[in-house]
Amino acid sequence: MQPRNMSMSGVVDLAAVKAAQEAKAKAEQARAEAARQGGGGAVSPADLVSDVDEAGFELDVLQRSTEVPVVIDFWAEWCEPCKQLSPVLERLALEYNGRFVLAKIDVDANQMLMQQFGIQGIPAVFAVVAGQALPLFQGAAGEAQIRETLDQLVQVAEERFGLTGLTVDADAAPGAVQAAPVVPAGPHDALLEAAVQALDAGDFGGAVQAYRNVLSDDPGNSEAKLGLAQAELLLRVQGLDPQRTREDAAAKPADAQAQIAAADLDLVGGHVEDAFGRLIETVRRTAGDDRDAVRLRLLELFEVVGGDDPRVAAARRALARALF
């Protein structure tokens, strides 16, 4: 079975920014509570890989995921590809030195967990970050591909949830677990929180301005970039009549603005390929300023979905063919 990769850059669900902020806040509260209760020391390398069952899932995966990303390796004794993949994951868990921990789950002994994660075949690898489950890949994967996925996971965990991992001490006794120190709030956290509150209240214009304020000081802030793209999309579709917009697009296949509006609705509805395909086809049918307007909107929608999503990569190739 070929690996099926996930995108680490955020989903089209337009509540994603709000959910990420809430999960980040919960993770910070959990780490602060652990520190208040006097946790000390560091984890032993032996604590970076563990066998987990249904009874221990709440503590060993869900609660631990508020401190550090937890990668889950679903395996079975009879699975030959698992025997190739599992040692690689175990070695990388040690090499990444606390930036994630590995939980190994035997599917034969834990059928309920297998069903809850919707696993159709093994090996299957998931991650849980701040209580949120993310599919990573299914099937045997090469080490370079695994490293790339883990790098994305670590980056997302740090940037979106403030999870910087565990401190590892080679001399520490096994089981002496301590999260890394709580990361102080960033200089733009208040503005990001204001943007989330504006989104929640339906004030999309206010959210757009709040994200722009962050980016004016910190142009590379990935959370603000994603939030701005989503807020601008919501602001654009706020006044659209969906039925009329789609009828207009169907009647005017070469009308750039009609197709742009319909593509925005497609994306809000979660129809990513439809939105991309609509605009790429319009690029083929138009020229000059109209074509450029369609191309620019398509690039904006790429930002909403995330540049490392495979659907974006495929659409970029299709756009290049349409343009040249």
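The legends below describe close-up views of a predicted model.

In this predicted model, local features need pLDDT of at least 70 and side-chain atom pairs count only at pLDDT 80 or more, whereas totals for chains, interfaces and linings use all residues. Residues are numbered from 1 along each chain as its sequence is written, and side-chain values use heavy atoms, with hydrogens and water left out.

**View A. The salt bridge between Lys 104 and Glu 90.** The closest N and O atoms of Lys 104 and Glu 90 are 3.3 Å apart, a salt bridge being defined as a side-chain nitrogen of Lys or Arg within 4 Å of a carboxyl oxygen of Asp or Glu. Because Lys 104 lies in strand S3 and Glu 90 in helix H3, the pair ties together parts that are 14 residues apart in sequence; helices (H or I, at least four residues) and strands (E, at least two) are DSSP runs, numbered from the N terminus. Lys 104 is buried at 10% relative accessibility, while Glu 90 is partly exposed at 28%, where buried means under 20% relative accessible area, exposed over 50%, and partly exposed in between (1.4 Å probe, protein chains only). In the whole structure, the search finds 18 salt bridges.

**View B. A network of salt bridges that links Arg 91, Glu 95, Glu 143 and Arg 147.** Glu 95 forms a salt bridge with Arg 147, their closest N and O atoms being 2.7 Å apart. Glu 95 belongs to helix H3 and Arg 147 to helix H5 (residues 143-161), so this pair ties together parts that are 52 residues apart in sequence. Arg 147 also forms a salt bridge with Glu 143, with the closest N and O atoms 3.0 Å apart, and these two residues, four apart in helix H5, are separated by about one helical turn. Glu 95 is partly exposed, with a relative accessibility of 42%, as are Arg 147 at 25% and Glu 143 at 28%.

**View C. The hairpin of S4 and S5, with Ala 130 between the strands.** Strands S4 and S5 run antiparallel and are joined by six bridges, two strands being counted as paired if DSSP finds at least two bridges between them. Val 128 has Ala 133 in S5 as its bridge partner. The hairpin has two residues between its strands, and Ala 130 takes a positive phi near 50 degrees there. At 13% relative accessibility, Ala 130 counts as buried.

**View D. Asn 97 in the loop between helix H3 (80-95) and strand S3 (101-106).** The phi of Asn 97 is near 55 degrees, which is a positive value in a residue other than glycine. Asn 97 is partly exposed, with a relative accessibility of 43%.

**View E. The cis peptide bond from Ile 122 to Pro 123.** Omega of this bond is near 0 degrees, and Pro 123 is placed in the loop between helix H4 (111-116) and strand S4 (124-129).

**View F. A negative surface patch formed by Asp 51, Asp 53, Glu 54 and Asp 60.** Patches are made of residues with over 30% relative accessible area and no salt bridge, like charges being joined within 9 Å and nonpolar side chains (Val, Leu, Ile, Met, Phe, Trp, Tyr) within 5 Å. One of the patch members, Asp 53, is located in the loop between strand S1 (49-51) and helix H2 (57-63), and is partly exposed with a relative accessible area of 39%.

Note on methods. Accessible areas come from the Shrake-Rupley method with a 1.4 Å probe; for residues, only the protein chains shown count as cover. Lys and Arg count as positive and Asp and Glu as negative; His and the chain ends are not counted. The place of a charge is taken as NZ of Lys, CZ of Arg, CG of Asp or CD of Glu.
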